[in-house]
Amino acid sequence: MNSFKIAVLAGDGIGPEVMVEAVKVLRQAGRKFDFSLELTEAPVGWAGFDAAGKALPDATLDLCRKSDAILFGSVGLPDRDPTVPKEQRPERAALLRIRKEFGLYANLRPVKLPKALAHACPLAADRQGDGIDILVLRELTGGIYFGQPKKTEDLGGGNQRATDTLVYTTGEIERIAHVGFKAARLRRKKLTSIDKANVLENGILWREVVTRVGREYPDVALEHMFVDNGAMQLMLRPTQFDVLLCENMFGDILSDEAAALAGSLGMLPSASLGATRQEKTFGFYEPAGGSAPDIAGKNIANPIAQILSTALMLRYSFGLQAAADGIEKAVSKAIEAGCRTGDIYNPRETGARKMGTREMGDAIVAAL
Ligand code: NAD
């Protein structure tokens, strides 16, 4: 029986309540698919401040280092922000720190709109086909957000010049391209690589390297698309996409555009992957949304994003494909049966039942 060590960091706001449901589903998956989990909880975010005086307590970081993956809720409480300097706030001191510490270079954001939730999508039904199912893969540690020089100069006379540098190496592009092709193999075997090769040197290199890496994956259909056209195609015909491979900034923008198609942040999981050692890929798994303090503690948050992030963990860190599929199918089954938290509930929908966070978790466990 496989055994995995997971650091469970629920964090702030709705984090703890959606995490309880995710852990419930994960344990049920372990029983059904015969793997065992060593889950250890630790505080992070403002909960970290309350427990140990900082957003990422040393003991929490230590636990992460000893784990195979991190299952993360969310951090941040805007009301408490003024109480500490910017660099000590959870978003920087915990999230960015973890990204850096574990070299998380690949961000995966699956966007899935089941047919039963067609009403939650801003696109007309005829643009949704049989349901939208896209994986946006974003390079997370390179490109214009980190390139040097990065500065603002004073040119005199009230004139300033700001410089950001877009830079990628062959190695960085190869690394993320392999993640993309491997992910496509687990899905519908199509990869659309996004670039701006008509204007940017970086775009030309990106296209060359992705094409070369693609020759190692002859079973995956590769196409290239300029980012401006990609942004438009996401709205016009999102069903044409399987995996969308993007550099950092293009991925930042297109992943949010794609996310809007799913109707609610509460439905969207995400994974950030680091290095692979002995067949295990270290990963950080969290919902795409934040701590939602406006709805925290009321048993109304949608736990599906957190639950689906456990499926990503089983698939991408532990290679437990059947168990990951099982959790995703259980979520679909609950949705098809009419289970709805407030964010995805439409009173005009026949057969839909509005329910709380706990009840949605129970329904998914039962479906599993
Ligand atoms: P948010 O994602 O927390 O909330 C935006 C809106 O979406 C809110 O109306 C919220 O109620 C709703 N929402 C989010 N998740 C939901 C769910 N599971 N079910 C139902 N509705 C849901 O974004 P925000 O309000 O801009 O940020 C709140 C705090 O979260 C801030 O401190 C911010 O910095 C932090 N944040 C953290 C992360 C993270 O931990 N990765 C990500 C984004 C924001």
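This report describes the surroundings of the ligand and some ring contacts in a predicted model.

**The ligand and its shell**

| Residue | Part of the residue | Distance to an oxygen atom of the ligand |
|---|---|---|
| V75 | polar backbone atom | 2.9 Å |
| G290 | backbone N or O atom | 2.7 Å |
| D294 | polar side-chain atom | 3.0 Å |

The ligand taken alone exposes 810 Å², and the protein buries 68% of that area.

**Aromatic pairs**

How many aromatic pairs does the structure hold? There are 6, and two of them are described here.

One of the pairs is formed by F4 and F318, with 3.9 Å from centre to centre and 20° between the planes. This pair is stacked, because planes under 30 degrees apart count as stacked. F4 belongs to strand β1, residues 2-11. F318 is in the loop between α9 (304-316) and α10 (321-336). The two residues are 314 residues apart, so the pair links distant parts of the chain.

Are F4 and F318 buried or exposed? F4 has a relative accessible area of 5%, so F4 is buried. F318 has a relative accessible area of 8% and is therefore buried too. The reason is the cut-off, since buried means under 20% relative accessible area.

Another pair consists of F72 and F284, whose ring centres are 4.8 Å apart. Their planes stand at 45°, so this pair is tilted. F72 lies in strand β3 (residues 69-74) and F284 in strand β12 (residues 280-287). Because these parts are 212 residues apart in sequence, the pair ties together separate stretches of the chain. F72 counts as buried because its relative accessibility is 1%. For F284 the relative accessibility is 4%, so F284 counts as buried as well.

**A charge over a ring**

A further contact involves a charged group and an aromatic ring. Which residue has its charged end over the ring of Y105? The residue is R175, and its charged end sits 3.9 Å from the centre of that ring.

How values were computed:
Residues are numbered from 1 along each chain as its sequence is written. This is a predicted model: local features need pLDDT of at least 70, side-chain atom pairs count only at pLDDT 80 or more; totals for chains, interfaces and linings use all residues. Side-chain values use heavy atoms; hydrogens and water are left out. A polar contact is a pair of N or O atoms within 3.5 Å; within protein, one must be able to donate a hydrogen and the other to accept it, and residues adjacent in sequence count only if both atoms are side-chain atoms. Accessible areas come from the Shrake-Rupley method with a 1.4 Å probe; for residues, only the protein chains shown count as cover. Rings of Phe, Tyr and Trp (its six-membered ring) pair if their centres lie within 6.5 Å; planes under 30 degrees apart count as stacked, over 60 as edge-to-face and the rest as tilted. Helices (H or I, at least four residues) and strands (E, at least two) are DSSP runs, numbered from the N terminus. Buried means under 20% relative accessible area, exposed over 50%, partly exposed in between (1.4 Å probe, protein chains only). A charge sits over a ring if NZ of Lys or CZ of Arg is within 6 Å of the ring centre and within 35 degrees of the ring normal.
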